[in-house]
Amino acid sequence: MDEGADNGFNHSQTKMSMTTKTPLSDIAKAFEELSGFLGSQTKDQKLRLDNFCEACSLVSVLFSCLGLAFKFAEMEYVAKVHDLVEASKTYATLENVLDRDVANDTVKKPGSHSRNLRRVRQGLDLIRALFEEFLSTDDYYLKDAASTAYSQVCAPYHTWAVRTAVSAGMYTLPTREELLQKLNETDHTAEKKMRRYIEASRPVIAYIDKLYSSRKIALDW
């Protein structure tokens, strides 16, 4: 294939990735909708738990694409989101969930909806940090980016055994190119969508933190 044909193929591939629905485009759109709601909400409007869970469910595919290194995160994240999906059949909003656990003194109890919400929030923040590290370097391997993201978001709350297992698993991460292929993206299209998620997820994460802090619940757990 000559150079002109090759350039034409690459251009077509980039154009297709920009217009085709991909996991990243779905995630970015879902969190932009949540962020948009939070930015326009009135005092009486609260974030619905079912809408939140729908957006969070889309993020699961990102953990699965990262392989063994983030298997712990995938298993925990998926289980916690599933619990909140079930909770959404009873509780309308995130506030309802937290207020019920506050009343029952079960906010930090293992298995409580409020504890699971905290862990889902941590998963969203981990992906945000990973995207930021991914975009800050052109490294072929993802070990440094993933290690930095993990150390910032999750490591402070994990046992030595979990941190050690995660560290060992970092060597099994896909390469940058392999991850983009799994996500059906190019460097160019992935950058735009990752930045969209980074910006849209921040107010969602801040909103969850505010729910806890406004009820005098510490965030360091």
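## Asn 116 and its partner

The side chain of Asn 116 makes a polar contact with the side chain of Asp 83, at 2.8 Å. (A polar contact is a pair of N or O atoms within 3.5 Å; within protein, one must be able to donate a hydrogen and the other to accept it, and residues adjacent in sequence count only if both atoms are side-chain atoms.) This comes from a predicted model, where local features need pLDDT of at least 70, side-chain atom pairs count only at pLDDT 80 or more, and totals for chains, interfaces and linings use all residues. Residues are numbered from 1 along each chain as its sequence is written, and side-chain values use heavy atoms, with hydrogens and water left out.

Asn 116 sits in helix α6. Helices here are DSSP runs (H or I, at least four residues), as are strands (E, at least two), numbered from the N terminus. Is Asn 116 buried or exposed? Asn 116 is buried, because its relative accessible area is 5%; the cut-offs are under 20% for buried, over 50% for exposed and partly exposed in between (1.4 Å probe, protein chains only). Leaving aside neighbours within four places in sequence, Asn 116 is in contact (heavy atoms within 4.5 Å) with Lys 80, Asp 83, Leu 84 and Gly 111.

## How α4 meets α6

Two packed helices are described by the angle between their axes and the distance between the axes. For α4 and α6, that's an angle of about 130°, with the axes 9 Å apart. So α4 is oblique to α6. Axes are lines fitted to C-alpha atoms, for helices over the stretch in contact, and angles run from 0 to 180 degrees between N-to-C directions. Under 35 degrees counts as roughly parallel, over 145 as roughly antiparallel, 65 to 115 as roughly perpendicular, and the rest as oblique.

The crossing of α4 over α6 is left-handed, meaning the near helix is turned anticlockwise from the far one by less than a right angle; clockwise would be right-handed. On the α4 side, the residues involved include Lys 80, Asp 83, Leu 84 and Ala 87, and they meet α6 residues including His 113, Asn 116, Leu 117 and Val 120.

## α3 on α4, and Ala 87

α3 packs on α4 at about 160°, again with axes 9 Å apart, and the two are therefore roughly antiparallel. This crossing is left-handed too.

Ala 87 belongs to α4 and is buried, with a relative accessible area of 3%. Not counting residues up to four places away in sequence, Ala 87 touches Leu 49 and His 113. Val 97 is 10 residues from Ala 87 in sequence and 7.9 Å away in space, C-alpha to C-alpha.

## The nonpolar core

Which residues touch the most other members of the largest nonpolar core? Phe 31, Phe 52 and Phe 70 do, in a core of 65 residues. (A nonpolar core is a set of buried Ala, Val, Leu, Ile, Met, Phe, Trp, Tyr and Cys residues joined through side-chain atoms within 4.5 Å.) Helices supplying at least two residues each include α2 (23–40), α3 (49–65), α4 (71–87) and α6 (113–135), and α10 gives the most, with 11 residues.

Beyond neighbours within four places in sequence, Phe 31 contacts residues including Ala 55, Cys 56, Leu 124 and Tyr 197.

## The whole chain

The protein has 10 helices and zero strands. Buried residues make up 46% of its 221 residues. Of contacts between residues at least 6 apart in sequence, 78% join residues at least 24 apart.
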